[in-house]
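Trainee: Before I use the terms for this structure, I would like to know what stands behind them.
Mentor: Then ask about them one at a time.

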Amino acid sequence: MQNSLIFRTAIAVCIIVSSFATLTKHYDISDDRLESLFKNWLDQHDRDYNSFAEYQQRMIVFKENYIQIQKMNEVFGHDMKFELNKFSDLTEDEFRNTILMRPQAPPIHSPSRFMKVENVEDLPASFDWREHNAVTPVKDQGSVGTCWAFSTVQNVEGQWFLKSKTLTNLSVEQIVDCDGMQKIDSAQADCGVYGGWPFLSFQYLIKQGGIEPETAYPYCAGIKTPCEPCNAPGYNKTLCGPPIPFCYIKDSCESKLDSTKFVSNLKVVDWKAINEDETTIANALMSTGPLSVALNAEMLQFYHKGVFNPIFCNPKNLDHAVLLVGWGEEGSKPYWIVKNSWGTSWGEQGYFRILRGKGTCGINTQVTTAILG
Ligand SMILES: *[C@@H]1O[C@H](CO)[C@@H](O)[C@H](O)[C@H]1NC(C)=O
Ligand SMILES: *[C@@H]1O[C@H](CO)[C@@H](O)[C@H](O)[C@H]1NC(C)=O
């Protein structure tokens with residue numbers, strides 16, 4: 001197992017190195033130009049560091065990313081573009097370890113979990129829930145691994161819109177702070193800022209009996225003046241890793257959760273999975289509402305625009321959860337439209353498009369939705 005993993009990583013590295021070996025241009029940047037580019041970027045992203053040493057170290061990372069982005073644009077530029085963005089001072093490892101979740105195989109669900117989807121014959125060439133006003137504005141998870149809570153909440157927002165005809169931002173922080181659900185037999189757990197799964201969150205919402213609106217229980221993990229909540233009740237150290245070293249009770253679920261503030265009549269009563277067939281997923285999306293999905297997002301760090309379809313992207317290593325809102329075609333290339341939680345400055349105004357119909361990056365392997373009562 002370990003050996004085959006190393007072998008696979010080696011293959012991946014070879015593919016990337018060999019495709020970059022054919023690059024025609026030589027990329028470099030003068031120190032002056034680098035420093036002015038970096039200073040502009042710091043202003044633009046309101047970033048400052050604790051020491052000059054850190055500033056210098058971050059500038060080196062920034063330079064490596066700058067060169068890497070140009071190489072990626074040379075290799076992939078006809079399909080998708082990459083750009084300097086808010087993640088430009090993070091190494092690939094830092095990005096994976098803080099923003100993404102630990103890569104895991106797609107959870108398997110029992111056959112009775114799966115939604116019975118009727119495939120219509122005349123599926124439209126494009127469809128977009130944003131045009132039906134079913135999607136709230138793009139959010140920003142900040143510098144922690146809470147994507148799974150955003151994916152969950154945004155699916156429920158869509159379900160609630162379809163039921164009540166009102167679009168409401170629901171509380172992501174409630175999920176991050178309070179949801180410590182786990183599935184021991186398959187070693188999956190909700191771990192606050194260290195990752196989790198929408199299908200488990202739906203189970204938390206069923207058990208909890210409701211969710212507060214964002215205004216009553218606002219997001220505060222991983223943003224500039226962060227809250228320091230303790231781990232959720234039920235947090236499993238074996239599955240999630242060591243708990244947060246320092247936290248405040250006043251910032252935690254036990255102090256903040258107020259069931260009198262739950263959105264009235266919003267009750268999650270069940271959840272469903274949708275099978276991997278991407279035509280079935282499109283049918284389910286159109287008939288059900290925006291869906292929670294997960295994918296391997298290693299290569300999304302510097303995504304700017306276009307139909308995402310990297311040459312190497314292991315569909316069995318899911319490390320990011322997002323929201324599927326629609327589909328379309330660009331020329332002859334079918335794509336999904338996906339809402340991310342990295343702010344509106346990232347990607348296509350906070351969204352990305354990814355190739356549809358080929359299981360790209362595992363986007364079809366963990367499609368789930370809450371069912372409201
Ligand atoms: C939701 O939150 C955003 C800010 O993230 C705000 O602009 C918007 O008006 C809020 N309300 C709705 C219904 O989307
Ligand atoms: C945490 O997960 C481990 C491994 O799956 C399991 O053996 C253990 O019982 C769990 N702990 C709690 C407190 O549920």
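**Ligand shells, a cavity and a pocket**

Mentor: By class, the shell around ligand 2 holds 2 nonpolar, 3 polar and no charged residues. The model is predicted, with local features needing pLDDT of at least 70 and side-chain atom pairs pLDDT 80 or more, while totals for chains, interfaces and linings use all residues. Residues are numbered from 1 along each chain as its sequence is written, chains are lettered from A and ligands numbered from 1 in the order written, and side-chain values use heavy atoms, without hydrogens and water.

Trainee: Which residues are around ligand 2?

Mentor: Gln182, Ile184, Asn236, Thr238 and Leu239. A residue is near a molecule if one of its heavy atoms lies within 4 Å of it. Taken alone, ligand 2 exposes 360 Å², and the protein buries 48% of that (areas by the Shrake-Rupley method with a 1.4 Å probe).

Trainee: What makes the approach of asparagine 236 to ligand 2 a polar contact?

Mentor: The term means a pair of N or O atoms within 3.5 Å. A polar side-chain atom of asparagine 236 is 2.5 Å from an oxygen atom of ligand 2, so the pair qualifies. For glutamine 182 the distance to an oxygen atom of ligand 2 is 3.0 Å, so that pair qualifies too.

Trainee: What surrounds ligand 1?

Mentor: Pro137, Lys139, Leu167 and Asn169. An N or O atom in the side chain of asparagine 169 is 2.3 Å from an oxygen atom of ligand 1. The protein buries 45% of the 360 Å² that ligand 1 exposes when taken alone.

Trainee: What makes a space a cavity?

Mentor: On a 1 Å grid over the protein atoms alone, a 1.4 Å probe fits at its points but cannot get out. The search finds 1 cavity of 30 Å³ or more. The largest cavity has a volume of about 60 Å³, and its lining divides into 9 nonpolar, 2 polar and no charged residues.

Trainee: How do you know that the second largest pocket lies between domains?

Mentor: Domain 1 (2-76) and domain 2 (98-372) both give residues to its lining, so the pocket lies between them. The domain bounds come from an automatic or database assignment. A pocket is an open set of points with protein on both sides within 12 Å along at least five of seven lines, and lining residues have an atom within 4 Å of a point.

Terms used: Polar contact = N/O pair within 3.5 Å; in protein donor to acceptor, adjacent residues only side chain to side chain. Nonpolar A, V, L, I, M, F, W, Y, C, P; charged D, E, K, R; others polar. Points joined across faces, edges and corners; volume = space filled by probe spheres on them.
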